[in-house]
Amino acid sequence: MNFELSQDHKVLQSAVRDFVEKEIKPIAMKIDEEHMIPDALVTKMGEMGFLGSYLPEEYGGAGLDMLSYAIVVEEVSKACGSSGVLISAHTSLCSGPIYTFGTEAQKKKWLPALNTGETIGCFLLTEPDAGSDAGGTATTYTREGDEFVINGSKTFITNGGYLGTGVLLASYDRSLKHKGISAFIVDLKSPGVTILKNENKMGIRGSYTTAFAFDNLRVPVENLLGQEGKGFNVAMDTLNGGRIGIASQALGIAEGAFERALAYSKERKQFGQAISEFQAIQFKLADMFTSIETSKLLTYRAACLKDAKKNYTMESAMCKMHASETATFVTKEAIQIHGGYGFIVDYEVERMYRDAKITEIYEGTNEVQRVVISKLLLS
Amino acid sequence: MKLLVCIKQVPDLESRFKPDAAGVWYNETDLAFRMNEYDEYAVEQAVQLREKLGEGTELTVLSIGPDRVVEAIKKALAMGCDNAVHIQDTAVSAKDPWQIASIISTYVQGKNFDLIFTGMQSQDRGSAQVGVTVAEQLGFACTTTIVGFDYADGTVTAKRELEGGIKGVVKLKTPALVTCQLGLNVPRYPTLPNIMKAKRKEITAIPVADLLTADLLATTTSFHPPAKKGGGIVLEGDVGELVDKVIAILKDKTAVLR
C-alpha cells in the first residue's frame, strides 16, 4: 500500500495550486458578494483544462484520471467553493454521462466544446417534486417523427444559468416510475427553454442554481443518451461519479477553512499567549485535521477505484457523506477559533461555513448516502 | 537550433529551515520543494523562443539532484520543453558551484547547444555562479540578470538590469548563455493537457558519476540560523519624553533625521 501521490499527480497539484493562489483566491470574496464567477475566470479554467481533466484527449479533454480531477476540484474549492462546484457539476454530471453512455457521434459532437469550457454543462434531474426520489420525474417527452418533444420543469440546476449543454431526464409514462425515464442531451439555448429564476442562496453564491420550464422543447432523436427507458441507470451512474466531485469540493472547503484557523490560532493572543497554546484550541485543531485526512483518504480511494474500473458505489457514498460532514464541522470550528472575527465577512471563514452546508445536501442528501451504504452492507 | 535550460529544485522559502546532522546544509525532512523562481523565468523564455523558432528547434531541460527533482523537470516539460536530462545525484548539496557547473559543461560538450538559459541564482544557495561558470568553461558568450530577451540570426539581444533601475542592452553571438532575472516574463501555468503530454516526453537519466570530473574548490563548513537578537527597545515615560527619546534614537541609529 502506498499513500503517496505519484510525481505526476504532485506536478498537477502544484500547478493547480499556483493557479488558484493567483487567479481565484484574490477574487473569492467578490465572487460570493456579486453572486457571479467572472466569465474571464471560467475561460481561464477552461484554458487550464480544469473542465475536461479526466476526459480523453481525442475528445478535447486532458486525458488525466479521476484522481487528478479530484485534486483539481479540491484545490479550487480551498479558495472558492462556487468555482469548485462549477467544475464538478460540469464534468461529472454532464461530460461524464455523455462520455459513458454516448455514441461515438455524440461524444464527437458535444464533448470538445465542453472539455475546453466553450460551453458549460449541467444535469437536469431534480424537479420540484423529484429530488432524492428520481423515479418521481414528472417532466415528460413524446416522440414526433425525428424529434422528441419535452415538457415540464426542473429546479436547483447547478450551472443552469450558463444555458450551455444539459443532460436531461424525462419520463415517457409517469406510471412506469423509473422504468419510463430516458436521458437526452439538450442545447439549452433552444426555443422552448425558459429560465424561471436563478436562486438566491445561503452559500456557493457564485454558482448558478437555476429553475427551468420546458415548453415543447424539441430535441432531435439522435440526442437520446443511452437506451430509451434506461435513463434512471444513466442518472444513478452519473450521481455515483458525481459524489467524488462533491466530496472533493467539501474536502477543499474544509482544508481552506482549516488553513485559516491554524494560522489565526498562532497569531491571535489572549491572556499573554497565542490561543494555539490553549488545549481547548489544540484539541479542536486535532479533531479538524483528523477529519480532513480521513475524508481525503476516502475521496482519493473512491477516485482510484473508479480509475481502476472497480465498483466504487459504496466508497463514493462514504466519501461524499464523510467529506461533507467534515466540511460543515471544520468550517464551524474555524469560525469558533476566530471568535468574533470569524463572524465578520472579511475573515472568509463565514463564507466557507455557508458554502459547506450544501455539500451535505446535493448529489444525494447524506440521508440517501446512508441508505446506499447500509443497503450494500446488508444485501 | 538546440536550446538548453538548466533548472534547480529548491525548498519552499517559507519553510522553517533546520540544519542537517552535520550542520553544513539544511535538513530536507518535511520540506516542500518547487522549481527555483529564477529558473521559471529561464524556462518560460526558452519555451517562448522554442515556439517562435518552431520546427527544427529542440529544447532540453536539465536538472541535477535526487529523484524528487523529476517533479521540477516534469513541470518544465509541461511548460513546453521537448525532452529532459536528469543527472542523478543524491549528494548534490555537498557540491560547490564549480562542480555543479563542471557537471553541466561535461554534459553539454560535443552536443552543439546554441543557447543556454539559467536562472540568475538559486533561491537556497544564492551563489549566482553556476550559469557564468558554465559559460566560462564552455567558452560561450554570457550575460547575466537579463530582464528582456530577443533572438535573431545568431544574435541574442538582452536587456539587463543595472543598479538604480538603469537598463543596459547587450548583444551576444551564439553560442551563448544568459541568466534570467525577475521581470523578464510571466511564467505560464502548466495546463492539464500539457501535463498529460509531458508524461510522454523523454527524460534521460544519467548517474552523476558519469559526468563528475572536477574537484570541490569551496567547502561549506556551517549552516546555521542567525543569532537571536534581543527584543525591541520599550520606551517609557510621558509623551514629550517619548518623542525626545525616539528623535534621539532616529538621529543616532538611522539617516532619516540628519
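Helices (H or I, at least four residues) and strands (E, at least two) are DSSP runs, numbered from the N terminus. The structure is a predicted model, in which local features need pLDDT of at least 70, side-chain atom pairs count only at pLDDT 80 or more, and totals for chains, interfaces and linings use all residues. Residues are numbered from 1 along each chain as its sequence is written, while chains are lettered from A and ligands numbered from 1 in the order in which they are written.

**Exercise 1.** Locate A:F271 and A:K309, and state for each the value of phi and whether the residue is buried or exposed.

Solution. Begin with A:F271, which is found in the loop between strand 9 (269-270) and strand 10 (273-274) of chain A. Its phi is near 55°, a positive value in a residue other than glycine. A:F271 has 7 other C-beta atoms within 10 Å and is therefore exposed, given that a residue is buried at 20 or more such atoms, exposed at 12 or fewer and partly exposed in between, with C-beta atoms placed from the backbone.

**Exercise 2.** Describe the side of chain A that touches chain B by its contacts, elements and residue classes.

Solution. First, 18 residues of chain A are in contact with 14 residues of chain B, where contact requires that the C-beta atoms of two residues, placed from the backbone, lie within 7 Å. Second, the elements that give two or more residues to this side of chain A are helix 1 (7-24) and helix 3 (39-48) of chain A, and helix 1 of chain A gives the most, with nine residues. Third, the residues on this side divide into eight nonpolar, five polar and five charged; here Ala, Val, Leu, Ile, Met, Phe, Trp, Tyr, Cys and Pro count as nonpolar, Asp, Glu, Lys and Arg as charged, and the others, Gly among them, as polar.
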